[in-house]
Amino acid sequence: MEINDAIIRANLVLTAIFTATAAYAAAVFSTPSQWVGAVTAMVLFAIGVFAFIWSYWNAVQRSRTDEISVTQLYLLMGDAIPAPVRRTMNLTLLVQVAVAISTTLARPDGPDGNPGSSLAVGFLVPMLGFGLNGLWAASHGNFATRTNLPPSQKEIRQNADHG
């Protein structure tokens, strides 16, 4: 479950793909290379949104019995996440942010000289990191058990006569 987990491997591979296509688009800066970079960034963003929603759903289900906070879920903070997993997942998130910033700043103007380029779409990619962080935490995190659980249906029915 640790570092060889499918979610972690997917995060590493997708971050490498983003890095390669964004660097290629920034270096070559032709129309086809910008399309490759932009489409890759949009696909990774879509995967990230899907993973984020999926992780949120799983976390809500687990929160009935486990204490889960947002920082534990999406930033992997706290003791619920093993340190090697936290380091790897947050490092890939940091790489995604760094690549987005560096490639956008490398080509701040479009080929026609107008401000802005398609490389700025790379700023959407860190959503992939947040989504996969959340998915890993919601699936494998070892969260503390809730101490103030809501009353069971039996307890509610038992006290129904009392108002």
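## Helix H4 and its two packing partners

Helix H1 (residues 6-28) packs with helix H4 at an angle of about 15 degrees, and their axes lie 10 Å apart. This is a predicted model, in which local features need pLDDT of at least 70, side-chain atom pairs count only at pLDDT 80 or more, and totals for chains, interfaces and linings use all residues. Residues are numbered from 1 along each chain as its sequence is written, and side-chain values use heavy atoms, with hydrogens and water left out.

Here are the two helix pairs together; axes are lines fitted to C-alpha atoms over the stretch in contact, and angles run from 0 to 180 degrees between N-to-C directions.

| Pair | Angle | Axis distance |
|---|---|---|
| H1 and H4 | about 15 degrees | 10 Å |
| H4 and H5 (residues 126-140) | about 165 degrees | 8 Å |

H1 and H4 are therefore roughly parallel (under 35 degrees), while H4 and H5 are roughly antiparallel (over 145 degrees). The contact of H4 with H5 (heavy atoms within 4.5 Å) involves residues including Val85, Met89 and Leu93 of H4 and Phe130 and Trp136 of H5. By class, that contact has nine nonpolar, four polar and no charged residues.

On the other pair, H1 residues including Leu12 and Phe18 meet H4 residues, among them Thr88 and Val95. The contact of H1 with H4 has twelve nonpolar, seven polar and no charged residues.

Let's take a look at threonine 88, which sits in helix H4 (residues 83-106).

Technical notes: Helix = DSSP H or I, 4+ residues; strand = E, 2+ residues; numbered from the N terminus. Parallel < 35°, antiparallel > 145°, perpendicular 65-115°, else oblique. Nonpolar A, V, L, I, M, F, W, Y, C, P; charged D, E, K, R; others polar.
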